[in-house]
Amino acid sequence: PIVRIAHSTEGHARVPVDAARLVAGSPLQVVANVYSDPSNAFHCGVWEGDVGTWRVAYTEHEFCHLLAGRVRMTSQDGSEQMFVTGDSFVIPAGFEGLWEVLEPARKLYAVYEPPT
């Protein structure tokens, strides 16, 4: 059946960013994954994050649509991109850098992890 994605993470646990990746702040995150395909390669849902900065290294491709907040992505070469409420963007597999939440953020996500 078709899966509806609510824009809320209500009822899901808020967890801290992994301390090994944390750069600044003490952000909590919530993930409400609402769909995973049978091969476990494709996932989608809603994510929320508090203000803070952490290191990321993507092995997956991720489509994001920012429902609330403001985030900055900084790649290892120092280039930055800012995203605000209403923006949509794709983070390709192989991206490494910093994910920074400047205002509490909420996004819809769709993630595809290529088979290895």
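How many nonpolar, polar and charged residues are there, by class, in the lining of the second largest pocket? That lining has six nonpolar, three polar and one charged residues, where Ala, Val, Leu, Ile, Met, Phe, Trp, Tyr, Cys and Pro count as nonpolar, Asp, Glu, Lys and Arg as charged, and the others, Gly among them, as polar. The model is predicted, so that local features need pLDDT of at least 70 and side-chain atom pairs count only at pLDDT 80 or more, while totals for chains, interfaces and linings use all residues. Residues are numbered from 1 along each chain as its sequence is written, and side-chain values use heavy atoms, with hydrogens and water left out.

**Strand pairing**

- Strands are DSSP runs of E with at least two residues, numbered from the N terminus, and two strands pair if DSSP finds at least two bridges between them.
- Strand β6 (residues 61–75) runs antiparallel to strand β9 (residues 96–112), and 13 bridges join them.
- β6 is also joined to strand β8 (residues 88–91) by four bridges, again in an antiparallel arrangement.
- Glu62 has Val111 as its bridge partner in β9 and Ile91 as its bridge partner in β8.
- Five bridges connect β6 with the antiparallel strand β7 (residues 80–84), and Val71 stands opposite Phe83 in β7.
- The hairpin formed by β6 and β7 has four residues between the strands, and Gly78 in the turn has a positive phi of about 90 degrees.

**Pockets**

- A pocket is an open set of points on a 1 Å grid over the protein atoms alone, where a 1.4 Å probe fits, with protein on both sides within 12 Å along at least five of seven lines; lining residues have an atom within 4 Å of a point.
- Grid points are joined across faces, edges and corners, and a volume is the space filled by probe spheres set on the points.
- The largest pocket holds about 370 Å³ of space; of its 16 lining residues, Trp47, Tyr58, Glu60, Glu62 and Lys107 are the closest to its centre.
- β9 gives the most to this lining of the largest pocket, with four residues, and by class the lining has nine nonpolar, three polar and four charged residues.
- The second largest pocket holds about 150 Å³, and its lining includes Met73, Phe83, Phe89 and Phe95.
- β6, β7 and β8 are the elements that give two or more residues to the lining of the second largest pocket.

**Aromatic pairs**

- Rings of Phe, Tyr and Trp (its six-membered ring) pair if their centres lie within 6.5 Å; planes under 30 degrees apart count as stacked, over 60 as edge-to-face and the rest as tilted.
- The structure holds six aromatic pairs.
- The pair of Tyr58 and Phe95 is edge-to-face, because the ring centres are 6.4 Å apart and the planes stand at 70 degrees.
- Tyr58 lies in the loop between β5 and β6 and Phe95 in the loop between β8 and β9, so this pair ties together parts that are 37 residues apart in sequence.
- Both Tyr58 and Phe95 are buried, a term for under 20% relative accessible area with a 1.4 Å probe and protein chains only.
- Phe89 and Trp99 form a tilted pair, with 6.4 Å centre to centre and 40 degrees between the planes.
- Ring pairs link Trp47, Trp54, Phe83, Phe89 and Trp99 into a cluster.

**Buried residues**

- Thr53, in strand β5, counts as buried at 9% relative accessibility.
- Ala41, in the loop between β3 and β4, is buried with a relative accessible area of 10%.
- The C-alpha atoms of Ala41 and Glu113 are 4.9 Å apart, although the two are 72 residues apart in sequence.

How values were computed. Buried < 20%, exposed > 50% of the residue type's maximum accessible area, 1.4 Å probe, protein only.
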